[in-house]
Amino acid sequence: MQSVIDNCEQRMKKSTEALSAEFAMLRTGRASASLFDKIKVDYYGAETPLSQVASISVPEARLVVIQPWDKTVLPAIEKAIQKSELGLNPNNDGKLIRVAFPPLTEDRRKELAKSAKATAEGARVAVRNIRRDAMEELKKLQKSGDISEDQQKEGETKIQKLTDNAIAEIGKIADAKEKEIMEI
């Protein structure tokens, strides 16, 4: 029974971590180096993560500076940023790339907030599915005689508590991201 609960807890934790990672990629009006985590650059024929070919810094709230260790990769970095779904326009000065973050319009902020809510709801659904799977596993254990009915009820209570905690955590993460998106 404990292995079912531990597995359930691990899977729920992964769901909240995945949500946090997804939100880190969501562009707000503020510059963030984590936005560039999934960008891959064609570096001598190999798709290489941007962070492995350049240093990424945020000197101002609305500016990201990307300084490659090898200047020959500048055009490839610029091209990769333009092809990404971030909607940013990199500025290449021959030594480094500056990416300015324009302020978001009210409509775009509302659209991003709506997208964030949908992503959070997807994470909640994932957590509920994990709960359902764990509850079914406990029922199977009880039917096969591996655990008693009292142990099953105790396990279900623990799983429900884990679910409530995970959904509360998802709510906190979503609220924080929505607040960040909506601030001017």
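Predicted model: local features only at pLDDT ≥ 70, side-chain atom pairs only at ≥ 80, totals over all residues.
Q: How many bridges join strand 5 to strand 6, and which way do they run?
A: There are 3 bridges, and strand 5 (residues 90-92) and strand 6 run antiparallel. Two strands pair if DSSP finds at least two bridges between them. Strands (E, at least two residues) and helices (H or I, at least four) are DSSP runs, numbered from the N terminus.

Q: OK, back to the strands. Which residues in strand 6 stand opposite Pro 90 and Asn 91?
A: Pro 90 stands opposite Val 99, and Asn 91 has Arg 98 as its bridge partner.

Q: What's in the hairpin of strand 5 and strand 6?
A: There are 4 residues between the strands, and Gly 94 takes a positive phi near 95 degrees.

Q: In what order do the strands form the sheet?
A: The order is 3-4-6-5, in an open, antiparallel sheet of 4 strands. Strand 3 (54-60) and strand 5 each have a single partner strand, so one side of each is left without a neighbour in the sheet. The twist averages 25 degrees from one strand to the next.

Q: Which helix packs on the sheet?
A: Helix 2 (residues 74-83) does, touching strands 3, 4, 5 and 6 (contact means heavy atoms within 4.5 Å). Its direction makes about 165 degrees with that of strand 5; axes are lines fitted to C-alpha atoms, for helices over the stretch in contact, and angles run from 0 to 180 degrees between N-to-C directions.

Q: New topic: how many residues are in the largest nonpolar core?
A: It has 27, and Cys 8, Met 12, Phe 23 and Ile 159 have the most contacts inside it. Such a core is a set of buried Ala, Val, Leu, Ile, Met, Phe, Trp, Tyr and Cys residues joined through side-chain atoms within 4.5 Å; buried means under 20% relative accessible area, exposed over 50%, partly exposed in between (1.4 Å probe, protein chains only).

Q: Which helix gives the most to this core?
A: Helix 3, with 11 residues.

Note on methods
Residues numbered from 1 in each chain as written. Heavy atoms only, no water.
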